[in-house]
Amino acid sequence: MLRSRTPILLIVMTFMMAATLPAMALELGGHIRDGVVVGLDFGYGWNNVKFKDTEGAEVSTGDIETFNGGFQVGWAPNDNFFGSIGMNGWRRNYNTLAGNIDGRYYSFMLEGYFFPRGEGFWIKGGIGRGTLDLTFIPPGERYNINEKGLALTTGAGYELRVADTTAVALAYIYQHTDVGDFGGGTDTTVRSHVASLTIRFYVQ
């Protein structure tokens with residue numbers, strides 16, 4: 001139930017912030033967004049790994065709740081846009097009836113952020129390369145899967161400036177990675193839904 005409600009609650013909170021916080025932003029003055037951008041991401045969400053086994057049947061890990069983290073470094077040429085490169089990922093260890101699974105995922109992304117009003121609400125899109133690393137440890141054995149593939153991301157959020165060059169943002173982020181085939185399966189994908197809190201520093 002929490003997994004299904006998180007995106008809805010986040011979207012509602014984002015639009016509530018968009019409606020109630022512009023006055024506060026105006027009291028602080030115009031947002032300075034021109035130069036180097038450094039961001040730190042902290043998130044919680046769920047990830048799903050799917051693939052087809054050797055007989056063509058679809059196998060899914062189900063929704064795995066995890067903490068997510070990342071960072072970004074970019075450049076803002078004006079108040080309405082900045083581009084960045086960065087890294088994000090998650091790790092989760094869980095037990096199944098067949099054995100222990102240690103799952104890790106990370107990606108390097110090139111992203112663009114657009115602020116329609118120059119501050120507050122923003123949307124983003126990005127492309128990069130993701131790596132899925134799964135270690136399966138049944139009794140007396142050990143298997144490792146490490147595959148890379150194309151990663152695509154999109155999201156929306158609301159940024160509130162808390163100082164002349166510092167801001168915090170609340171967002172919903174979706175990322176899809178196609179890591180292809182591995183020894184025991186084909187058409188492997190990783191899907192991530194994250195409720196994210198970001199701290200950004202605009203360095204002049």
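Predicted model: local features only at pLDDT ≥ 70, side-chain atom pairs only at ≥ 80, totals over all residues.

Reader: Which residues make up the largest nonpolar core?

Author: That core has twelve residues in all, namely Val37, Ala76, Phe82, Tyr113, Phe115, Trp122, Ala167, Ala169, Ala171, Ile173, Val194 and Tyr202. A nonpolar core here is a set of buried Ala, Val, Leu, Ile, Met, Phe, Trp, Tyr and Cys residues joined through side-chain atoms within 4.5 Å. Buried means under 20% relative accessible area, exposed means over 50%, and partly exposed is in between, with a 1.4 Å probe and protein chains only.

Reader: And which strand gives the most to it?

Author: Strand E8 (166-182) and strand E9 (185-203) each supply at least two residues of this core, and E8 gives the most, with four residues. Strands (E, at least two residues) are DSSP runs numbered from the N terminus. There is also a second, separate core of ten residues, which includes Val49, Trp90, Leu134 and Ala151.

Reader: Switching to charges, how many salt bridges are there?

Author: The count comes to four, where a salt bridge is a side-chain nitrogen of Lys or Arg within 4 Å of a carboxyl oxygen of Asp or Glu. In one of them, the side chains of arginine 104 and aspartate 133 meet at 3.6 Å, N to O. Arginine 104 lies in strand E5 (residues 99-114) and aspartate 133 in strand E6 (residues 121-137), so this pair ties together parts that are 29 residues apart in sequence.

Reader: Is arginine 104 buried or partly exposed, and what about aspartate 133?

Author: Arginine 104 is partly exposed, with a relative accessible area of 28%, whereas aspartate 133 counts as buried at 12% relative accessibility.

Reader: What does lysine 124 pair with?

Author: The side chain of lysine 124 meets that of glutamate 111 in a salt bridge, at 2.8 Å from N to O. Lysine 124 lies in strand E6 and glutamate 111 in strand E5, so the pair ties together parts that are 13 residues apart in sequence. Both lysine 124 and glutamate 111 are buried.

Reader: And arginine 161, which residue is its partner?

Author: Arginine 161 forms a salt bridge with aspartate 164, the closest N and O atoms being 3.5 Å apart. Arginine 161 is buried, with a relative accessible area of 6%, while aspartate 164 counts as partly exposed at 48%.

Reader: Last topic, histidine 193: where is it, and what does it touch?

Author: Histidine 193 is in strand E9 and is buried, with a relative accessible area of 19%. Leaving out residues up to four places away in sequence, histidine 193 touches Gly45, Trp46, Tyr172, Ile173 and Tyr174, contact meaning heavy atoms within 4.5 Å.

Reader: Which side chain does the histidine 193 side chain make a polar contact with?

Author: The side chain of histidine 193 makes a polar contact with the side chain of tyrosine 172, at 2.6 Å. A polar contact is a pair of N or O atoms within 3.5 Å; within protein, one must be able to donate a hydrogen and the other to accept it, and residues adjacent in sequence count only if both atoms are side-chain atoms.

Methods: Residues numbered from 1 in each chain as written. Heavy atoms only, no water.
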